[in-house]
Amino acid sequence: GLMWLQHGGNLRHTSEQNDGVSRYGWLMHDGENFGVQEIRDEGLVLRIEFVKQPGGDHGGDWSWRVTVKMEGNGPAPLLSLFFYVATDEQGTLRPVLENGTRLAAVAGTAEELGDFTLTFLPPTGEGGEGPKYASYNFLAAGVPGLHRLTDLVRQSLRESSVFSPPGRPRRRFFGVSSTGGLPGEPPRGQLLLHQV
């Protein structure tokens, strides 16, 4: 799944009527092999595209791309994208870390999928040119149920992370802590979350 946070705004996980998102929906979708979705939220345009390559015993390989742009010519806000994988009572997840801070992949096993790997590539510019500068955090937590994912992530956010791209001023932002859970709620599943 995907959550996003325009720093100074609300953590978003779903797009529903009356939640302040100005427009959302599928632009194209064949119901099986590809889709393009667009979400407009407080000057941001999030474009989520997927394509599925058939094969194997469990539905094939999926590729996703998320592109974020600003509407108009205003300055780009500090933005976090939260990509996550969660289990609910069955399955296991294992983080694959790069440099101890970037969740490069999730290796897992699920009854429906068997063994799987989800890989997170570094962000690139619009034309696919070289990696863009980004800060990374990750969260590994027990989750009492999938309906509590937003609350779990919101509870783990701390304004202690620093974004300092070369030649630009340092800015504090809300980053997830590396481990956590919801106090008093026993975990039924796992959550691994990659914050960019």
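Leaving aside neighbours within four places in sequence, which residues is Gln90 in contact with? Some notes follow, starting with that one.

1. Gln90 is in contact with Ala110, Glu111 and Glu112, where contact means heavy atoms within 4.5 Å. Before going on, bear in mind that this is a predicted model, where local features need pLDDT of at least 70 and side-chain atom pairs count only at pLDDT 80 or more, while totals for chains, interfaces and linings use all residues. Residues are numbered from 1 along each chain as its sequence is written, and side-chain values use heavy atoms, with hydrogens and water left out.

2. Staying with Gln90: you'll find this residue in the loop between E7 and strand E8 (92–98). Helices (H or I, at least four residues) and strands (E, at least two) are DSSP runs, numbered from the N terminus. Gln90 is partly exposed, at 29% relative accessible area; buried means under 20%, exposed over 50%, and partly exposed in between (1.4 Å probe, protein chains only). Its C-alpha atom is separated by 19 Å from that of Leu139, which sits 49 residues apart from Gln90 along the chain.

3. Now have a look at strand E11 (residues 137–143), which is mostly covered, with five of its seven residues buried. E11 pairs with strand E15 (residues 189–195) in the antiparallel sense over seven bridges, and there Phe138 has His194 as its bridge partner. With strand E14 (residues 179–180), E11 runs parallel and is joined by two bridges; here Ala141 partners Gly180. Strands count as paired if DSSP finds at least two bridges between them.

4. On to the inside. The largest nonpolar core has 16 residues, and those touching the most other members are Met3, Phe82, Leu139, Val153, Val176, Leu191 and Leu193. Two or more residues each come from strand E1 (2–6), strand E7 (79–86), E11, helix H1 (149–156) and E15. Apart from this core lies another, of nine residues, including Val85, Leu103, Val106 and Phe138. A core here is a set of buried Ala, Val, Leu, Ile, Met, Phe, Trp, Tyr and Cys residues joined through side-chain atoms within 4.5 Å. In soluble globular proteins, nonpolar side chains tend to be buried together.

5. As for charges, the structure holds 13 salt bridges, each a side-chain nitrogen of Lys or Arg within 4 Å of a carboxyl oxygen of Asp or Glu. One of them joins Arg23 and Glu38 (3.0 Å, N to O). That pair links strand E3 to strand E4 (residues 34–41), 15 residues apart. Arg23 is partly exposed at 45%, whereas Glu38 counts as buried at 10% relative accessibility.

6. Arg65 and Glu49 also meet in a salt bridge (3.0 Å, N to O). Arg65 is in strand E6 (residues 61–70) and Glu49 in strand E5 (residues 44–53). Arg65 is exposed, at 52%, but Glu49 is buried, at 18%.

7. A further salt bridge runs between Arg148 and Glu185, with the closest N and O atoms 2.4 Å apart. Arg148 lies in the loop between E11 and H1 and Glu185 in the loop between E14 and E15, so the pair ties together parts 37 residues apart in sequence. Elsewhere, salt bridges that share partners join Arg23, Glu38, Arg40 and Glu71 into one network.
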